[in-house]
Amino acid sequence: MKEPIRRYKNKSGNIRWLVDFQIRKKRIRKRDFYNKDEAVRYFEQIKYLILSGQYESYLEAEREEKKKVLLSDFAKGLYDSKTTAHMRASTRKQYKWRLIKSILPVLGHKPLGEINERDFYKVNEHLTERDLKVSTRTYTLQVLSTTLRLAKDKGLIDTVPKCPFKRPTVSRNIYLTDIEIQRVLNTLEKYRAPREEWLRVWVYLQLNTFTRLGELIALEWSDVDFNKKTITINKQYCDVSKALTPTKNNKIHMALPLSDEMMTMLKNYKDVCGDIKIIFPRVQYWSDSHKSKYRSMFNPPRISKTTI
């Protein structure tokens, strides 16, 4: 006979507890308890209710109570809690912001069980009035769908209403032409301060590898193989949690080749850095003013035909 309370690992690799037992022809199965004490309390409570004949009335009262939960109450701290720990910190931050700014002002007063397909149209109309792009509107509606799916996982609703809007698929040319690359380099030399050699290495390395900003910030000298002229991308710096995390989609890019010019630039820059472990140490402590300066340096008005 199986133990009614067991430990298991969820999809994120975290330890959780499961209650699974049968009594008087009633099968009880509930998972995702954070500790054993919580699971034991639930097991004892349900066992008592079944033996005393109060289980059916308990279920009915629970269903009625769940129907009264408002979206605003459910959303409080949702994207800060363990429920969404499987999401990247930057994704949780985006979801939380869109939920507060765009969804709760329209649907926050409504019980979860009463939200239907028409409410997606209401949120879309609210976003349209603010002159937001189609991609922004559909992303926000995706946040609403995800929130309702989380509510279903917690047993607060039975079904998730279908979102009638599909996110548009836009084909993008993600490669820079030779002319565009030359514009970037000319802009770099025009606006870079003489002592900002690290910024020159930063831009050239990004053009060589097309890595994300967080992956560049996390680079260490041990990731560069000067003999084989390669670099490995195996982590990223998260600006939300202020810590090193796995790369997006947990992919590791091994031994990316670098040009001879890039290797020479890195060697010269390493001589200047000395024994520092991180390639770009000061970038991890950028203030908002530093970030805006970096973005404005390469914004469309400056990277124009006049820079060639």
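The three strands of an open sheet line up as β4-β5-β8 and pair antiparallel. Its edge strands, β4 (224-225) and β8 (253-257), each pair on one side only. Strands here are DSSP E runs of at least two residues, helices are H or I runs of at least four, and both are numbered from the N terminus. This is a predicted model, where local features need pLDDT of at least 70, side-chain atom pairs count only at pLDDT 80 or more, and totals for chains, interfaces and linings use all residues. Residues are numbered from 1 along each chain as its sequence is written, and side-chain values use heavy atoms, leaving out hydrogens and water.

**Exercise 1.** Work out how β4 is joined to β5.

*Solution.* 
- Start with the rule: two strands pair if DSSP finds at least two bridges between them.
- Next, look at β4 and β5 (residues 230-233): two bridges join these antiparallel strands.

**Exercise 2.** Check the reach of helix α8 against the expected value, then find its buried residues.

*Solution.* 
- Helix α8 covers residues 197-209, 13 residues in total.
- The expected span is 1.5 Å times one less than the number of residues; for α8 that gives 18 Å, and the first-to-last C-alpha reach of 18 Å is close to it.
- Buried means under 20% relative accessible area, exposed over 50%, partly exposed in between (1.4 Å probe, protein chains only).
- The buried residues of α8 include Trp-198, Trp-202, Tyr-204 and Gln-206.
- Just past α8, Phe-210 has a positive phi of about 55°.
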